[in-house]
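This report examines pairs of oppositely charged side chains in one protein structure. Please look over the sequence and the structure before reading on.

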Amino acid sequence: MKVTEHIQNANGKPLFSFEILPPLKGQNIQSIFDSIDPLMEFKPPFIDVTYHREEYEFKELENGLLQKKIVKKRPGTVGICAGIQNKYNVDAIPHILCGGFTKEDTENLLIDLDFLGIDNVVALRGDAVKSEIYFKPEKEGHAFASELVSQIHNLNNGIYLDADLQNSSKTDFCIGVAGYPEKHLEAPSLDSDIHFLKQKIKNGADYIITQMFFDNQKFFDFVTKCRAAGITVPIIPGLKPIATKKQLNLIPHRFSIELPDALIMEVVKAKDNEAVKQIGIEWCVQQSKELVAAGIPVIHYYSMGKADNIKAIAKEIF
């Protein structure tokens with residue numbers, strides 16, 4: 001079932017969803033199931049599975065030259081989605097990136113997903129690899145998420161890269177895209193970011209899921225701006241409970257978002273990370289309660305493979 005259909009069928013009841021990371025290469029899918037099992041009592045209608053693009057490593061050869069080697073540290077997104085749908089009978093939503101894919105790679109991936117009965121995808125540009133300052137698309141790939149959305153939308157209309165195909169089948173993907181309540185770190189302003197977000201909707205996206213935020217007012221302001229710009233699709237807030245003192249510096253730096261002073265001071269005063277974890281749970285519970293009271297249809301949690309703090313939050317909300 002499509003995300004938009006889940007929202008319609010809920011009749012105003014808030015839905016619980018979360019996102020997981022594929023395990024590191026060499027680990028099996030049981031670690032994923034172990035992180036999902038404790039959360040199934042809250043009846044998530046869908047679970048997102050991230051895609052991690054390749055990284056580059058340079059290995060020194062015996063002659064002193066460096067050899068560039070591509071490393072995929074977290075493969076398995078498509079297989080994990082199939083495993084989740086088979087084991088739990090809930091919709092699994094793979095993330096699809098521009099980075100690391102040609103247009104043909106993307107089409108073949110979408111064909112595989114369609115064969116597996118996967119109804120939803122999230123279309124993302126993706127980040128630059130660590131060896132690059134700015135994002136660099138593949139030679140025959142997409143530079144922007146809006147272009148990726150267009151390709152998926154075209155496939156939904158039976159338009160494949162090979163124009164000579166006859167009687168081609170249409171896919172029927174529900175397309176999610178990312179929104180940034182505090183703007184994307186590369187965007188010059190929030191208004192310009194929303195301008196390009198609107199383009200993704202025009203190109204065929206069906207819903208928006210936001211980057212994490214810790215101040216609900218920033219989300220509410222973002223939604224107001226989106227609606228004023230003519231964006232009418234569902235906007236799902238993404239939340240992450242802070243869990244360690246290190247994240248005070250890591251999260252603002254990595255995601256270009258602000259942490260509220262009240263949260264910062266509570267974390268600074270905490271005696272250890274166990275105390276920080278409890279602070280993060282309590283803060284996220286209050287965020288969630290306020291969002292539910294505002295009539296938000298779905299609350300999406302970035303679990304990062306950790307179920308215990310998400311379970312503690314969900315117990316208070318769902």
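The sections below describe the salt bridges of this model.

## Overview

The model is predicted. Side chains of opposite charge can pair when their charged atoms come close. In this model the count comes to 8 salt bridges. Among them are the pairs K225 with D191, E258 with K218, and E266 with K269.

## A bridge between two helices

K225 and D191 form a salt bridge through their side chains, at 3.0 Å from N to O. K225 belongs to helix α7 (residues 216-228) and D191 to helix α6 (residues 190-202); the two residues are 34 residues apart, and the pair links distant parts of the chain.

K225 is partly exposed because its relative accessibility is 35%, a value that lies between the limits of 20% and 50%. D191, at 52% relative accessibility, counts as exposed.

## A bridge between a loop and a helix

The side chains of E258 and K218 also meet in a salt bridge, with an N to O distance of 3.8 Å. E258 lies in the loop between α8 (247-255) and α9 (261-269), whereas K218 is in helix α7, so this pair ties together parts that are 40 residues apart in sequence.

E258 is exposed, with a relative accessible area of 52%, while K218 is partly exposed at 24%.

In the salt bridge of E266 with K269, the closest N and O atoms are 3.5 Å apart. Both residues lie in helix α9, 3 residues apart, which is about one turn of the helix. E266 counts as partly exposed at 38% relative accessibility, and K269 counts as exposed at 59%.

Technical notes
Residues numbered from 1 in each chain as written. Predicted model: local features only at pLDDT ≥ 70, side-chain atom pairs only at ≥ 80, totals over all residues. Heavy atoms only, no water. Salt bridge = Lys/Arg side-chain N within 4 Å of Asp/Glu carboxyl O. Helix = DSSP H or I, 4+ residues; strand = E, 2+ residues; numbered from the N terminus. Buried < 20%, exposed > 50% of the residue type's maximum accessible area, 1.4 Å probe, protein only.
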